[in-house]
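Look at the sequence and the model together, and keep both in view while reading. The text below goes from the whole chain to its parts.

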Amino acid sequence: MVSTYNGSTSIAKITKCIYTVLSAGMSVFLPRTHICHKESNMLRLLRGWLCSGKRNVCIGKGCVVTSMAKIDEGTTIEDYVRVVGHITIGKNVYINCFTMISGEVVIGDGVLISQFVTIWGRAHRFMNRDLPIWDQHGKHGITDNGYDVQSVKIGTGVWIGPQVTVFRGVSIGDGAVIGAGSVVTHDVPAFAVCWGVPARVVKYRQSEQAAAQKA
Ligand SMILES: CC(C)(COP(=O)(O)OP(=O)(O)OC[C@H]1O[C@@H](n2cnc3c(N)ncnc32)[C@H](O)[C@@H]1OP(=O)(O)O)[C@@H](O)C(=O)NCCC(=O)NCCS
């Protein structure tokens, strides 16, 4: 009995081991399927550590993160995100799938960025019609490769909804909320809730105390 018990335990262990190795391997090369619906967290943490040198940073599959990017502890970047340029990302930031952050961008602590968001800290120069747009290089030379760079600043605790575009040079104040599908062309004050194309301030978030006084 004892030997049978040990035997089945070993088989279970070996099977589990093979399954773990296979699913970790597949999760690198294949899209998520019913076989490996969740990529191993260890892999995401390993990528995070390699990209940032910080603890508790998770980076999903298919991401592009340039070496100029600085990412702080506790941040999660989901699959297929591009972080390209002089980007600084604070602590405990969450960036959802298929988002693109490019140019010069500073993102504060605790920011939530939804899926399919584009944040552009740069744009092509285009006014000279005698030159192809691609040839209208910026004064910073090769590093910004034809772009007009103006930093985007996103304060702490901001929530940016899905499919939002943030233009170059925009500052979004602490605690602001940007509604789905907005195009943010101007600065947004702290705690403002705004949406639309172009995004306009619709209301302000309230403290619990102010809400209780109104009620
Ligand atoms: C930020 C957000 C939640 C604000 O919602 P809210 O303050 O509760 O606003 P309401 O839903 O009460 O809408 C109020 C009005 O503004 C409109 N509105 C709300 N958000 C809008 C937006 N992003 N774009 C255009 N109009 C919007 C509504 O249609 C409504 O109009 P009506 O009064 O004519 O019916 C909302 O803009 C948003 O982004 N929702 C999507 C959330 C989402 O995708 N979550 C999952 C991913 S993280």
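The model is predicted. The protein contains 3 helices and 18 strands. Of its 215 residues, 27% are buried. Contacts can also be sorted by distance along the sequence: among those between residues at least 6 apart, 19% join residues at least 24 apart.

Start with the sheet. An open sheet is formed by 8 strands, in the order S1-S4-S6-S8-S12-S15-S17-S18, with mixed pairing. Its edge strands are S1 (58–59) and S18, each of which pairs on one side only. Within the sheet, strand S8 (residues 112–113) and strand S12 (residues 159–160) run parallel and are joined by 2 bridges. Here Leu 112 is placed opposite Trp 159 of S12.

How many bridges join S17 to S18? There are 4, and the two strands run antiparallel. One of the pairs is Cys 194 with Val 201, its bridge partner in S18. S17 and S18 make a hairpin with 4 residues between them, and in the turn Gly 196 has a positive phi of about 110°. Strand S18 covers residues 200–204 and is hardly covered itself: of its 5 residues, the number buried is 0. In general, side chains in a regular strand alternate between the two faces of the sheet.

The nonpolar core comes next. The largest one has 36 residues. Those with the most contacts inside this core are Ile 119, Val 166, Ile 172, Ala 176, Ile 178, Val 184 and Val 188. Several strands supply at least two core residues each, among them S5 (82–89), S7 (100–107) and S9 (118–124). Which residues does Ile 172 contact, leaving aside its neighbours within four places in sequence? They are Ile 154, Gly 155, Val 158, Ile 178, Val 184 and Val 188.

Last, look around the ligand. The residues around the ligand include Ser 114, Gly 161 and Pro 162. By class, the shell has 5 nonpolar and 6 polar residues, and no charged ones.

Methods. Residues are numbered from 1 along each chain as its sequence is written. This is a predicted model: local features need pLDDT of at least 70, side-chain atom pairs count only at pLDDT 80 or more; totals for chains, interfaces and linings use all residues. A residue is buried if 20 or more other C-beta atoms lie within 10 Å of its own, exposed if 12 or fewer, and partly exposed in between; C-beta atoms are placed from the backbone. Two strands pair if DSSP finds at least two bridges between them. A residue is near a molecule or strand if its C-beta atom, placed from the backbone, lies within 6 Å of it. Ala, Val, Leu, Ile, Met, Phe, Trp, Tyr, Cys and Pro count as nonpolar, Asp, Glu, Lys and Arg as charged, and the others, Gly among them, as polar. Two residues are in contact if their C-beta atoms, placed from the backbone, lie within 7 Å. A nonpolar core is a set of buried Ala, Val, Leu, Ile, Met, Phe, Trp, Tyr and Cys residues joined through C-beta atoms within 7 Å.
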